[in-house]
Amino acid sequence: MWSIVDGYLGSYAPLGLLALVGVLIVGGGFFANSLLRPRRPNAAAGKRDTYECGLDPVPGGWAQMQIRYYLYAYLYVLFAVEAVFLFPWAVVYLQAGLAVIAEMAIFVGVLALGLLYAWRKRALTWQ
Amino acid sequence: MDKLKLPDMDYVALLPMLALFVAACLGVIIEALVPRRFRNIIQLVLSIVALAVAMFFVVKQSGEVVASKALTAGGAIMIDHAALFLQGALIVLGFVALLLFGERSLEFGGPFVAQAAVTVGSERDREQTGRELGSTETFPLALFSLSGMLLFVSANDLLTMFVALEVFSLPLYLLCALARRKRLLSQESALKYFLLGAYASAFFLFGVAMVYGFAKAVDFKAIHAEALLGEGNSLLLIIGLALLAIGLLFKVAAAPFHVWTPDVYQGAPTPVTAFMASCTKVAAFGGLLRVLYVGFDGLGWQFTPVLGAIAALTVLVGSILAVTQTDLKRLLAYSSVANAGYILIGVIAGQQLGLTSVLFYLVAYGFTVIAAFALISLVRDADGEATHLSRWAGLGARSPLYAGIFTFILLAFAGIPLTSGFIAKLSVFGAAIDGGQTWLVIIGVITSIILAFPYLRVVVMMWLSEPGESTPSVSIPGGLTSTALGIGTLATLVFGVVPGPLLDLAEKASSFVR
Amino acid sequence: MTPMWYIVLSAILFSVGAVGVLIRRNAIVLFMCIELMLNAANLALVTFSRINGTLDGQIMAFFVMVVAAAEVVIGLAIIMLIFRTRRSASVDDANLLKY
């Protein structure tokens, strides 16, 4: 049986032991807790409320957040995805010479134009 | 490693598209840097200059088309006679529609909202409706859209076509949402157009994937060769064609894919509606023609019965529902659906005659429909345009000139002789009889008669009713709207009286290079 | 494993998206269904690229991703615009235009 420990999988043995110890500690803690804690299965007022550092919880767990950053999200989606064209380009631009570099410059320039527009329209300021 | 072989780029052939694209980018810079009150005039001049440059190069190249050199941009773009004709038509129609975009005298600040992001009905919104100059981003958006259309009609593979489809659709979705008045309607139309348009283009894309699976490539030449060869999984090809057709028929507004048309035409700002009704139709039919005639010709037109059924359904739905409309913009939308059906009949007719008739119909209809929407933008009351049919009662007594022009335009839609509508319908039906599609011609003629009813009802209403309290006034048009109206009306008359030159031009253009 | 199964998977995903657009009512969910359809097409393209032994399909997938991103931004902007006024993203509430 110990031959498993010597093989390739053997290098995972410490990891497995560590995980086992972790499970034992956490599980043991919960088990000890269940032995020691008082049992009062009634529903006292406020028992199931969300705990909010001593203050009474504000009504409702669902609330609408004001997302100030959605414009950044839009811009990010665009710029992040347009970058996909840079990857195939990066593979070939050294072989292909100046024309290809110029083409990519134009492509990035058009994107930069969009950024210029967004900046001038104050889409980048925190509103 | 070998040196990378770059695709051949014939930049001169691409110049019409590049001119519009560069102008649109410049337009964005202008939006960012120039003060608001100068923007409208600068944008308008810039757009017109760009369109003129583009037109110049289209005309210049039309003399030098050689089949062997028509293919460019690494095989992605085909500049043949048909592409140049369609590009020219798009540029001219786009020019006339852009004149309406620039109009500022009918209403303070023009037809577009100042800040689209402002919530409808808020204090800030009331303030901007009355007092702020309209946004001029509409010009770059329209130019981006037009350059996408030019690419769409000259695309030689399905991927280029898909990208072009999105390039010309996305700005249109935004333009729909920018009306100054009735902003809720406008935004709703944009939402509907966007969701349905994106849905249709997803179908188109899946069709592209299927065709790629069949033909191992997406350029039309390879698809044609593979279809002729008859090897491979033809199920993929047929599924692919069906899905592609859904995407394209959505754009041309053929039934049963027409449901967006009335809502979008009604809700969008009237200049944008004019732009869509003329240019989108040309572009979408241009794309459809190329797909069917160049890419899928190898199928031997087995799909004719299906297309025929769609054409018949389209003319029926368009004409019958037009009768029940009470809003002029919706009425024209259904009429545009019916017209898409007539053009589809020409597409099915096939041969050179069918192609010629389709090209002629597209141009003739484009001019007439722009004139119609230009006139609708003139009839207004305190709340903006008065498009309800009852409001037009008695308009003939108030302003005989404009009522007369509108009557003429409606007669052209109905296909009365001496208008371009008559010649267009005649040539389409003639081609269809020639192509052995007599049953479609019979349905076409019957629906034309049905369709004449709503048009004539408007005419009767304008002339024979007494003007009441609620009859709105006709605004005196500014120079731009008058020019657009004049060009549209004149073209309708000229193409009706002397259709020869345009028919010749269309005939010369009615050949695709594969 | 034969790559044809991926085509089947993409067809299933596409159908789920197509049906989802028809039966769901929230504009955002509709929109996610449309994205699902686009990505199903991407999967089909990449698989066919593998089957055909050409790279075109993978390049096409790049273009589709970029187009989809542009579409997302424009679509969300329009939905956001409507939501601000109506406080609802249900497509059934957008009902001013009819008949």
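Predicted model: local features only at pLDDT ≥ 70, side-chain atom pairs only at ≥ 80, totals over all residues.
Two residues are in contact if their C-beta atoms, placed from the backbone, lie within 7 Å.

Let's start where chain C meets chain B. How many residues does the contact take from each chain? It takes 33 from chain C and 34 from chain B. Now look at the chain C side. Three helices of chain C each supply at least two residues there: α1 (4-23), α2 (27-52) and α3 (56-86). Which of them gives the largest share? That is α3(C), with 16 residues. As for the kinds of residue on this side of chain C, 25 are nonpolar, five are polar and three are charged.

Chain C also touches chain A. Here nine residues of chain C are in contact with seven residues of chain A. On the chain C side, the count is nine nonpolar, no polar and no charged.

Stay with chain C for one residue, C:R24. Find the loop between α1 and α2 of chain C, and you have found C:R24. Is C:R24 buried, exposed or partly exposed? A buried residue needs 20 or more other C-beta atoms within 10 Å, and an exposed one has 12 or fewer. C:R24 has 16 such neighbours, so it counts as partly exposed. Set aside its neighbours within four places in sequence. Then C:R24 is in contact with C:V29, C:L30 and C:C33.

On to chain A. Its secondary structure is five helices and zero strands. Read from the N terminus, the elements go α-α-α-α-α. How much of chain A is buried? Buried residues make up 0% of its 127 residues.

Take one helix of chain A as an example: α2, residues 13-36. This helix has 24 residues. From its first C-alpha to its last it reaches 34 Å, close to the 34 Å expected at 1.5 Å a residue.

An α-helix has 3.6 residues a turn, so residues three or four places apart point the same way.

Residues 12-32 of chain A are 95% helix and 0% strand, with end C-alpha atoms 30 Å apart. Residues 69-90 of chain A are 82% helix and 0% strand, with end C-alpha atoms 31 Å apart.

Next, the core. The largest nonpolar core has 235 residues. Among those with the most contacts inside it are B:L20, B:F206, B:I370 and C:A41. Helix α7 of chain B, residues 183-215, gives the largest share of this core, 20 residues. Zoom in on B:I370. Not counting residues up to four places away in sequence, B:I370 touches B:L93, B:V96, B:A97, B:A274, B:S278, B:A484 and B:G488.

Last stop: a sheet in chain B. It is an open sheet of three strands, in the order β4-β3-β5, with antiparallel pairing. Which strands stand at the edges? They are β4 (384-385) and β5 (473-474) of chain B. Each has a single partner strand, so one side of each is left without a neighbour in the sheet. Strand β3(B), residues 379-381, is joined to β5(B) by two bridges, and the two run antiparallel. To see the pairing, look for B:R380, which stands opposite B:S473 in β5(B).

Methods. Residues numbered from 1 in each chain as written. Chains lettered and ligands numbered in written order. Helix = DSSP H or I, 4+ residues; strand = E, 2+ residues; numbered from the N terminus. Expected span 1.5 Å × (residues − 1). Nonpolar A, V, L, I, M, F, W, Y, C, P; charged D, E, K, R; others polar. Core = buried A, V, L, I, M, F, W, Y, C linked by C-beta atoms within 7 Å. Pairing = 2+ DSSP bridges.
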